[in-house]
Amino acid sequence: MISRVFLYMVVLASFVLFSCNEESKSSDNEKNTKKQIQTVEVVYQEVPDYIDATGLVQPDKDGTVKITSKLPGIVQSINVQVGDYVKKGQALASVKAPDTTDLYSQKVALSVQLSQAERIYKLKKELYEVGAIPKAEFMDAETNYNVLKAQLKGIEEKMKLLGGTLGSSVITSPIDGIVYQINSHVGDSVDQTTEILSLVNPNKIMVVALVQDKDVFKLKEGDDVDFSIDLFQDKKFQGVVKYISDVVDPDTKKIKVFIEPKEKEALKINMFFNIRIYTGKQTHAVIPQKALIYKDGKFYVYVEENGKLIKKEVKFIKELENNKVSVDGLNQGEKVVVDPMLEEHT
């Protein structure tokens, strides 16, 4: 009987001891888990505010020159390509123009008549000087000669203005510039209203930024802005916002913002790039990037309050340097969990 009681007491003591050990281990595990939770205090600081967008370089509308034919006809040749630099007076294209044939024929006929009139004028001048003919006859010869000379000069000036040669009209560049677009092809019929090609003045260009509609409010016409382009590392450009379109692209939700750059040499027509437009500084909460959770289209953090972890929604602002982000929706001094993904699985 005594041995049974003793055995029962031993078993009971062992069970109590085992339970205490298990409770002790559980308590230690909780302590270790709590020790694993790392938090950081929320701090508010000024961070650069900017707009990220895609962009391109386009000619200013005031710097674009449309090139047309001065005579109706058929395009014979186009001597340039898009992107070519051209000099003032350089031949750009030629047009087969029947009107130039008529002008050339008139020029040849007048040249023959003028040569004959000049001989007669000189002869009658000599005869008049020796008294062989009356003054009126000499003056008629002189008048005829001067009229024909003026007519020939007029034809030559007109041909020069029209770029005319025998059967064709040569189109030359009115400026030093860059070929921006070519709108006609060899064999096309053209007249004085047909735009054959267009040139741009390289000193009159615009940077066009395609900005999300939600960010456009940060910019106003007339603003001086700094911007950077991914094609030029560690370089900032300066410019002025000249115009903001009032049209929103229905597919991309983007609006065109036209910026006139102060430095133009590095920027080329039709250049595409990613652009960052700096709009000053804003004060936001700054936290580690990995403290941020993205779920169902929203951003969250875990905040520690009175030993408990509370899931809190925040508004993501921007990614910063050193693996940090700026957000809104947190208070100065709050403690956020550094690695919330770990906590969601414990």
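A contact means heavy atoms within 4.5 Å. The structure is a predicted model, in which local features need pLDDT of at least 70 and side-chain atom pairs count only at pLDDT 80 or more, while totals for chains, interfaces and linings use all residues. Residues are numbered from 1 along each chain as its sequence is written, and side-chain values use heavy atoms, with hydrogens and water left out.

**Exercise 1.** Determine what share of the contacts with a separation of 6 or more joins residues 24 or more positions apart.

*Solution.* Among contacts in the chain with a separation of 6 or more, 72% are between residues 24 or more positions apart.

**Exercise 2.** State how many helices and strands the chain has, and what percentage of its residues is buried.

*Solution.* Helices (H or I, at least four residues) and strands (E, at least two) are DSSP runs, numbered from the N terminus. The chain has four helices and 21 strands. Buried means under 20% relative accessible area, with a 1.4 Å probe and protein chains only. Of the 346 residues, 32% are buried.

**Exercise 3.** Identify the strands that pair with β4.

*Solution.* Two strands pair if DSSP finds at least two bridges between them. Strand β4 (residues 73-78) is joined to β10 (residues 189-190) by two antiparallel bridges, with G73 facing V190 as bridge partner. Four bridges link β4 to β6 (residues 91-96), again antiparallel; here V75 has V95 as its partner.

**Exercise 4.** Give the strand order of the open sheet of four strands, and name its edges.

*Solution.* The order is β3-β11-β9-β5, with antiparallel pairing. The edge strands are β3 (64-68) and β5 (85-86), each pairing on one side only. Within this sheet, β9 (residues 177-182) and β11 (residues 195-200) share four bridges, and V179 is partnered with L199.

Key:
Buried < 20%, exposed > 50% of the residue type's maximum accessible area, 1.4 Å probe, protein only.
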